[in-house]
Amino acid sequence: MKVAGIPFRQTTYFSDLICDYLDEKEHLKPFYHRYPHLENFEAQIAEKKAAFPLENREVLSKALENQYANFEISKGTKTNIVALNEPNTFTVVTGHQLNLFTGPLYFLYKIVSTINLTRILKKNHPQYHFVPVYWMATEDHDFEEINYFNYDGKKIRWNREASGAVGKLDTNGLEAVFAMLEKALGNSTNAATLKQWFTKAYLEHSSLTDATRYLANALFGDTGLVIVDGDDKALKQLLVPYVKKDILENSSFKKVTDAIEALRALSEPYKIQVNPREINYFYLIDGVRERLIEKDNVFYVNDTSIEFSKEDLLKELEQHPERFSPNVITRPLYQEVILPNLCYIGGGGELAYWLELKTSFAAMEVTFPMLLLRNSALVISEKQEEKANKLGIEIADMFLKQNDFINKRVREISNIDIDFTPQRVHLQEQFKEMYHLAAQTDPTFLGAVKAQEVKQLKGLQHLEKRLLQAQKRKLKDQVVRLVDLQNAMFPAQSLQERTLNFSELYLESGDALISMLLDALDPLNKEFSIITI
């Protein structure tokens, strides 16, 4: 195995906001607490330890024992659940949806990043205990986002009607999905393991929550990973004071709105990832997860006939906290209320909305965690690397959009120069003189000069494009090999980790896959990893 890396910004797949965060740009510092440098964790530990109530630990540990009651778990996971009772134990968390058969490959990278950071922290702070946590997004209700995975360039989809929280869905109909997967996998030893995992997870468990817990535990249980389901009455009880503040005072709405305005006011304004609502909780019962809306002091459950007076809603909250489900704005708060957490590890989109939340945490008097971008990786074979070398390609160039990649390579290998940049510069210099002449004689001619400049620049661009196309035809065999190689590394012309399912790598590497990723990925390394196996 060989590991290399390129800067995230160079991949062009990550937003300016995330790249600027990685660069620790000064104007973003008000939007996070501490940057996740190793030396900053000591202060984060001290702050969280002082602020996190011991009684919350007892509730958490007992809830986890109940959640794992019907599962066989590793000694490491058992030890970690018990350790969460202790004041010197802290968590590192990642979260993910209940994607069918883990969904895209980066599910693994999130959890590997989390496990590896706890190991690094233990090495540097041996007096403390660190627990890796996977937070299952059991309360999400967007079934269309999670009901499929890709295999060999095709979608394997779970077709059924669904409503409400996905974690509560039964697993009916997944026999048909298994039949498709079984046929596609073949009959190797590694294929047999994948079939067994799918069968035991989805055909022997009655809910999507339990199926996902089984599969994540099968993949990572030996590392001591702890899997948390937030859809839990005992855990939701700890959230009640914060739900009240959100509903009655619109606290999250006000603070996050202010943070968004501050982000927009920056000299380099960023795309806003999510926007808050006046009430940032859903009402959750079987088959229903709908927004709570207040009008004239009456609280309505959107798209239903359910309504509450203020008094009845507060009574409902006290008696049935499990029926109040946080949205994307308040789920991070819920996580930090129930976990002795130091750091959240997420993708670029997740970190983008976390950067809106610091002041809302302060208003709720909850410690804001460190934010770490998960590892990203491109896994290639030695054979693919050899092909790239023979074609004279830098792997970093493969991240270019396909047309740009091919054009760049054609220019490099062509025996004629198909870059008209010098001609464009020369033309623009000539037109500067014409603008000066027009301004001195008759300023009304400036428009005509501009039109002529645009026409001639477009002509040069068109000619350059035609010459490139001619060279592509001339170098057709080379272009075909380039396209085939890039398509193999970037399926659907996207990052491998966003399309490929782990099963395709597992077929090749088997049980060595997880240990290989644990060895290859460094969560504190600020580069996109390229792993050659």
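Visitor: What do the side chains of Lys 168 and Asp 231 meet in?
Guide: In this predicted model, the side chains of Lys 168 and Asp 231 come together in a salt bridge, with 3.1 Å from N to O.

Visitor: And which parts does that pair tie together?
Guide: Lys 168 belongs to the loop between β5 (154-157) and α7 (174-185), while Asp 231 belongs to the loop between β6 (226-229) and α10 (233-237), so the pair links parts that lie 63 residues apart in sequence.

Visitor: Now the sheets: what order do the strands of the five-stranded one have?
Guide: That sheet is open, its five strands follow the order β10-β9-β8-β7-β11, and the pairing is antiparallel. Its edge strands are β10 (307-309) and β11 (324-326), each of which pairs on one side only, and from one strand to the next the twist averages 35°.

Visitor: How many bridges pair β8 with β9?
Guide: Strand β8 (residues 288-295) pairs with strand β9 (residues 298-301) over four bridges in the antiparallel sense, and Leu 292 stands opposite Val 301 of β9.

Visitor: What about the sheet of three strands, is its pairing mixed or what, and which order does it have?
Guide: The pairing in that open sheet is mixed, and its three strands come in the order β1-β15-β14. At the edges are β1 (2-7) and β14 (377-380), each pairing on one side only, and neighbouring strands of this sheet are turned by 20° against each other on average, with direction ignored.

Visitor: Do β14 and β15 run parallel or antiparallel?
Guide: They run parallel, with four bridges joining β14 to β15 (residues 527-532), and the bridge partner of Ala 377 in β15 is Ser 529.

Methods:
Residues numbered from 1 in each chain as written. Predicted model: local features only at pLDDT ≥ 70, side-chain atom pairs only at ≥ 80, totals over all residues. Heavy atoms only, no water. Pairing = 2+ DSSP bridges. Helix = DSSP H or I, 4+ residues; strand = E, 2+ residues; numbered from the N terminus. Axes fitted to C-alpha atoms, helices over the stretch in contact; angles between N-to-C directions. Salt bridge = Lys/Arg side-chain N within 4 Å of Asp/Glu carboxyl O.
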